[in-house]
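The sequence and structure are shown first.

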Amino acid sequence: MAAMESLHRRGLRGDPVAYSELIKCCLKNNAAEDGRRVHRHLAGGGGSLLSMFLCNVLLNMYAKLGLAEEARKLFDQMPERNVVSWTTMISTCAEEEALNLLVQMIRDGVRPNMYTYSSAGLESDVFVRSSLIDSYAKCGDLPSGRSVFDEMSTQDLVVWNSLIGAFAQAGGTSESVAVFVEMRRAGFRSSEAALTSLLRACAGTAMLEMGRQVHAQAVKSDADLILHNALLDMYCKCGELAEAAAAFWRMCRRDVISWSTMIAGLAQNGRSMAALELFEAMKKAGPPPNHITLVGVLFACSHAGLVEEGQKLFWSMEQLFGIKPEREHHGCMVDLLGRAGKLEEALRFIMEMDCERDTIIWKSLLGACRVHRDVGMATQVAKQILLLDPDDEGAYILLSNVYAGCNQWGDAEEVRRAMRDRRVKKEPGCSWIEVGKEAHLFVAGDKSHPQAEAIGKELDRLICRIADAGYLPDTIFVLHDLEREQKEEVLRYHSEKLAIVFGLMNSIEGKPIRVMKNLRICGDCHNFAKIVSKAENRRIIIRDPVRFHHFVDGECSCGDYW
């Protein structure tokens, strides 16, 4: 120790191996104060000597000397941590704190090893293992979650449910179903928790046929209210309102979630008046509405153009129901005013809001500027969004689309150039459709599908046929400065058109064509779907990120107000 102090006085440094041996010597002799002195020496001069390696050696010393507080202080000061740092720190903690640290470790992107699991007490506690599987799922690392499951010497229902829930949460509907089948073959019963997770996965991906199979399993179990609500949500989010309504009215007991789910489901499927009627029934015979219920009701007003009704509800929420408007309710109001073309009023509403003005609120107004082609306000609103988030993809794209829609190609190109400079990438339009319990994905302009050639030929035939029924490609929805023939070619291969044609070619006659889309449906594709529904005598359902469009006999449930 005297030698180290001599080095310190002379401003000299030892090498990391020498310091490591010195710290190990302090540990071996239980010399805590000498260990602290080494730490202070290494931390001197701006801490340049404190490499991750030496920090880990010091952590190990503090942990084994029982100095948990000093270990934690050093750990929190470390600019970088590896699996050794985390494992050492976890070993000093009580079980609950160790699990919290393990979850934080995973979320920081550091992969645990067998020593980490052992330090966290994961050898036998199935509830801890279940929490770990859930943590991996939230980090998007499903293979590691599966590994935790496979490493267990025995599995019980709790852990099976966690694994099914993990896959379902990540949108892996078919994978979660496969695990469910595996669980049943292992002799475990169909638990409400597993069935609820499966239904939520089916709802998220609009896998109706798979959802119906889960429903059949649910009928065999003692379905609780949570499972009934998940079943109701699945049918609503798959656009199957008749089955949703049947499930709702069959329920022996309905809570506020049941009513809110059904109201929102009706509103999102273009049945705004039915949603408002159900809200009136809820006020008379159901539980008191909550803030989620009122979001659904305001959504119904917005998508039906019921401006006065929506405003009246918003301003009386607190008085009638004791619910102070939150950000979601304010967002609905901006959407309500924007859709109705009341852009100045929507802007005033935003500026007078008593809650935070986030990018979602502003983008709602920017979307309305696009629909109503108000370039001046769009530019003003986009600036507000980019002040909050300079890399917001949606703001650039919407503003570019506003300029393109008004034939201001120079301004549109300037926005795209700014996107390239900031490396902001546009999410490609894609649609998917379930046929034969399998989802088929289509990307705009992509010809990689195994049936691409046949789809192209059938699309050509269909466009020729519906041209006689009044279909004319609306090139205003092509957001690039091209010749008309080129614009029509771009429109022809929009992802929803490809999915619709694939559905017509491969689905059973008479069954609805159900398409999911990641972006808002364009006006040309909306018109295409309307005319095809009449020409082919098929019901077509398209779900975009906001709502459903039910096309029947040449009409859409949105009433062209979308």
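In S6, Glu555 is the bridge partner of Val552. The model is predicted: local features need pLDDT of at least 70 and side-chain atom pairs pLDDT 80 or more, whereas totals for chains, interfaces and linings use all residues. Residues are numbered from 1 along each chain as its sequence is written, and side-chain values use heavy atoms, without hydrogens and water.

Strands are DSSP runs of E with at least two residues, numbered from the N terminus; two of them pair if DSSP finds at least two bridges between them.

| Strand pair | Bridges | Direction | Residues between strands |
|---|---|---|---|
| S4 (residues 540-543) and S5 | four | antiparallel | four |
| S5 and S6 (residues 555-556) | two | antiparallel | two |

Within the hairpin of S5 and S6, Asp553 adopts a positive phi near 50 degrees. Arg543 stands opposite Phe548 in S5. Strand S5 (residues 548-552) is largely enclosed by the rest of the structure, because four of its five residues are buried (under 20% relative accessible area, 1.4 Å probe, protein chains only).

Arg543 and Phe548 also belong to the lining of the largest cavity, together with Ala206, Cys238, Arg514, Val515, Met516 and Ile541. A cavity is a set of points on a 1 Å grid over the protein atoms alone where a 1.4 Å probe fits but cannot get out, and lining residues have an atom within 4 Å of a point. The volume of the largest cavity, about 50 Å³, is the space filled by probe spheres set on the points, which are joined across faces, edges and corners. Strand S3 (513-517) gives the most to this lining, with three residues.

Definitions and conventions:
Buried < 20%, exposed > 50% of the residue type's maximum accessible area, 1.4 Å probe, protein only. 1 Å grid on protein atoms, 1.4 Å probe; cavity = no way out; pocket = protein on both sides within 12 Å on 5 of 7 lines; lining within 4 Å.
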